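Subject: Predicted model for your review

Dear colleague,

Please find the structure below, handed over for your own work. My findings follow directly after it.

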Amino acid sequence: MMSKADWATLSNNFVYSSMGIIFIAFISFAFQTAWSFRVVPQDLDTPNPKSVKYTKAGRIGIALTILGFIFLLSGVIARGVSAGRVPWGNMYEFSITGALAFLFAYLVTLRKYNVQWLGLVVTLAVLLTLGTAVTLLYVPTAPLVPALKSTWLVIHVCAAIISGGVFLLANCVAAAYLIMDRYQDEDGNEHRPNWAKQLPTLAELDQLSYRLVALVFPLWTFSVIAGAIWAEAAWGRYWGWDPKETWAFITWVAYAAYLHARVTAGWKGKRAAWLCLFAGSTFLFNYVYVNIWGAGRHTYSGL
Amino acid sequence: MSYEIKTPELGTVGLLRWLWRQLTSMRTALILLLLLGVASIPGSIIPQRNQDPTRVQQYFVNNPTLAKVFDKFSLFNLYSSTWFSAIYLLLFISLIGCVLPRTWEHFKNIRALPPQTPKNLIRLEEFRTFESRKSAAEILVIARAHFGKRRYRIRDCDASVAVEKGFIRESGNLLFHLSLIGILIGVSTGSLGGMRGSAIVNEGESFTNVATSYDSLSAGRFFKLSDFPPITLKVIKFTATYDLLTNAPLDYSLILDVTESGKSNSRRVEVKVNKPITFGSTRIYLQANGFSPKVTVRDNTGKIVLSGAIPFLPQDGNLTSIGAIKVPDLTPTQLGIVGSFLPTAERDKIRGGFSSYPEALNPRLLMAAWLGDLGLDSGVPQSVYRINTKKMDRVGLQSLAPGEVWEIPGNSNNSNNVGSITFDGVTQWVNLQIVRDPGKPFSLLGAVFALLGLLISLFARRRRIWIRTVVGENTSNSRVIVEIAGLSRSPGLAQEIDALVNVLKEKWGDDE
């Protein structure tokens, strides 16, 4: 029979191992990116030594990312077993579960769309998140304070974490859009350098970030509504403009504006992509600033 | 000679119409939406009066000039300020102006048929063409049956069929926007007809639900005093459980006896942090808790001048608490005791006295006695936890364990003892928050329908497909050329058309 402390140690080992694996995945993607400067898309159709290396590095990266995902998933589950509850009760747990959601969103998207090129950014972001989590945010497992003892914790926070993962992925795509947009001249012709030729067209990037946001915007809406229902039960009001609530509202408003902007003349394309980036940053700001430095009732970082 | 500059005559009606069109345009709505987001930022950084009035007061002390400027722009009550309300009201007017005509339009089109088959199908999306051995009529019948099963709207045209699906997408879109208005109605009903108040009650004491029982109370414009549910609550027992290793709270449980007016017998209920009790649209929440030292103050003749449990305010996780015992009825001068209460007292060189655990395992009451004028008659409201010692002299310090008595020394004018204070023991207090919100059901319903509308408007697929049959001139054995194409903004059109092609090609084994 394993004790709580054994499970916690096991969880830490899984998290550290997944960091190691994802680091190697990051290195493979870095090699791939380096080779992409010398590989043109035609090389991929007719394999040559350069393009074989390029393709192989990408495949290794993806395989390792999947392995890292499995390790992280085990780490998150072990953490939950150790605490005897859902593994999102403090900032360390939000971070590891959030990184897991982000990886999951990436791998699911990868099944349907060609987003292998995002691997470098995704693994880097996951490494930074996990690195911050284990060094700065780590707290031993502990039971929940009475305010968090509610079924809504499972629903509200889970929905928020998944939304966050997908929003950040959409952000990466929108950022790629803005970078690729610089290689387009006034007549709409694209003059991309070699490394950027592997990336999808501007229209495809725009479509992809839209789909990701449209997919998860209802989930975010649900998360806010679930939070409001919980707040009504815990604090006696469903909306009180607490800093966390305010920023969740700002994120909601910003993504709503993004969805509208894509069908409004003069706001399509570049401006919509900027809006998407802005909306994603409000989410990140809410997560980092309000949890750690902000006042209000959502101070559950455990720090 | 003078020239008249010709300006196009707009007129008042024209101007109003122009303004209305501007306000209800998508661009304006978008800008208002973003403005609302940006406008709500300061409230998350600057303390708000309705959330944390003490921090607002502190702000005025620390940055008086800045605070005055902020106050001028209502930044301490941002979310109820005129300018913030103006933004969201404009947004809602813009939304209504945009959504209502669209709803009407949508309603009129509820039975509309898809548009006629265009001349050039090849210019549309997913164009397919093949020759078929079936007759033109047969093909159209099959296509009609195929799309009928899939709940398309069907229009028969000349040698062709037009089908359309996804009308519900716009229905969802409209439902979403109309539900937002429902939420606005819920929020305003709640703030106009609702009330929110709180009261600190010691264990063993009762709370009668009338306005004067509250420590703080705020009510909406249309709230009537008769809206208070006539109940009396008696605090029977409050239990807090803590983690022995981290001292973090694990559970709070409050047992109440509730007596509804007109009924003789009471009923026993338990209130927890996430489990309030409900009376109609009024709910009662357990919001905070702390310790109340029980003291008895006697004058120098031994007469009791004050006796009871005084709520102290917790300052940290181990419930080190501060409070004030005000004795205005002592002669010749008033007595004030500035106290701290340590539930589990310990002492070290750095911190002096402190509490090491949040339960009353080794309670100590640390006191500083002050004689003079408490300033209770000055008309300025005072905190019950603090004493304004400006017009008072400190006469002594003492630490008491339960059961101990302190003879309070006199001041320089009178060296005799002024009286005594006995630390009788300790009890707990709870802060009950009582909230009435009649708008809640509207908001919830609005939110649920908004979510439903959102899901439909984002995931329902709108598409049109046309099937045309052409009896070819150069086809020898009177084969029919079938042309299919569609229009769609969402993915999946290709699969839908391929499915139809397969159905049409079935049995006869037609070739491309």
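In chain B, strand β1 and strand β23 (residues 480-488) pair in the antiparallel sense over six bridges. Within this pairing, S132(B) stands opposite V480(B) in β23(B). Please bear in mind that the model is a predicted one.

The two strands belong to an open sheet of five strands in chain B, ordered β1-β23-β22-β3-β2, with antiparallel pairing. Its edge strands are β1 (125-132) and β2 (153-157) of chain B, each of which pairs on one side only. From one strand to the next, the twist averages 15 degrees. Helix α10 (residues 493-505) of chain B lies across β1, β22 (463-471) and β23 of chain B, and runs at about 5 degrees to β1(B).

Two residues in this region deserve a separate remark. E126(B) is located in strand β1 of chain B, and its phi is near 50 degrees, a positive value in a residue other than glycine. With a relative accessible area of 32%, E126(B) is partly exposed. K134(B) lies in the loop between β1 and α7 (136-149) of chain B. Is K134(B) buried or exposed? Its relative accessibility is 3%, so K134(B) counts as buried. K134(B) and V482(B) are 348 residues apart in sequence, yet their C-alpha atoms are 10.0 Å apart in space.

Chain B also holds an open sheet of four strands, in the order β5-β7-β8-β9, and here too the pairing is antiparallel. The edges are formed by β5 (206-208) and β9 (267-271) of chain B, each pairing on one side only. Neighbouring strands of this sheet are turned against each other by 30 degrees on average, with direction ignored. Between β5(B) and strand β7 (residues 231-242) of chain B, the antiparallel pairing extends over three bridges. There, F207(B) has L233(B) in β7(B) as its bridge partner.

The loop between β7 and β8 (249-260) of chain B contains N247(B). N247(B) has a positive phi of about 65 degrees although it is not a glycine.

V295(B) stands opposite G308(B) in β12(B). β11(B) and β12(B) form a hairpin with four residues between them, and G302(B) in the turn has a positive phi of about 95 degrees.

I turn now to the helices. Two packed helices are described by the angle between their axes and the distance between the axes. One such pair joins the two chains: helix α7 (residues 202-235) of chain A and helix α9 (residues 440-459) of chain B pack at an angle of about 165 degrees, with their axes 10 Å apart. This angle makes α7(A) roughly antiparallel to α9(B). Their crossing is left-handed. On the side of α7(A), the residues in contact include Y210(A), F217(A), F222(A) and E232(A); those of α9(B) include K440(B), L451(B) and F459(B). By class, the residues of this contact divide into 15 nonpolar, one polar and two charged.

Helix α7 of chain A also contains D206(A), which counts as buried at 17% relative accessibility. Which residues is D206(A) in contact with, leaving aside its neighbours within four places in sequence? They are Y177(A), Y258(A) and R262(A).

The axes of helix α1 (residues 4-36) and helix α5 (residues 119-137) of chain A come within 9 Å and cross at roughly 150 degrees. That crossing angle makes α1(A) roughly antiparallel to α5(A), and the crossing is left-handed. Among the residues that meet are Y16(A), M19(A), F23(A) and F26(A) in α1(A), and L120(A), L124(A), L127(A) and G131(A) in α5(A). The contact of α1(A) with α5(A) has 15 nonpolar, five polar and no charged residues.

With kind regards

Methods: Residues are numbered from 1 along each chain as its sequence is written. Chains are lettered from A and ligands numbered from 1 in the order in which they are written. This is a predicted model: local features need pLDDT of at least 70, side-chain atom pairs count only at pLDDT 80 or more; totals for chains, interfaces and linings use all residues. Side-chain values use heavy atoms; hydrogens and water are left out. Axes are lines fitted to C-alpha atoms, for helices over the stretch in contact, and angles run from 0 to 180 degrees between N-to-C directions. Angles under 35 degrees count as roughly parallel, over 145 as roughly antiparallel, 65 to 115 as roughly perpendicular and the rest as oblique. A crossing is left-handed if the near helix is turned anticlockwise from the far one by less than a right angle, and right-handed if clockwise. Contact means heavy atoms within 4.5 Å. Ala, Val, Leu, Ile, Met, Phe, Trp, Tyr, Cys and Pro count as nonpolar, Asp, Glu, Lys and Arg as charged, and the others, Gly among them, as polar. Buried means under 20% relative accessible area, exposed over 50%, partly exposed in between (1.4 Å probe, protein chains only). Two strands pair if DSSP finds at least two bridges between them.
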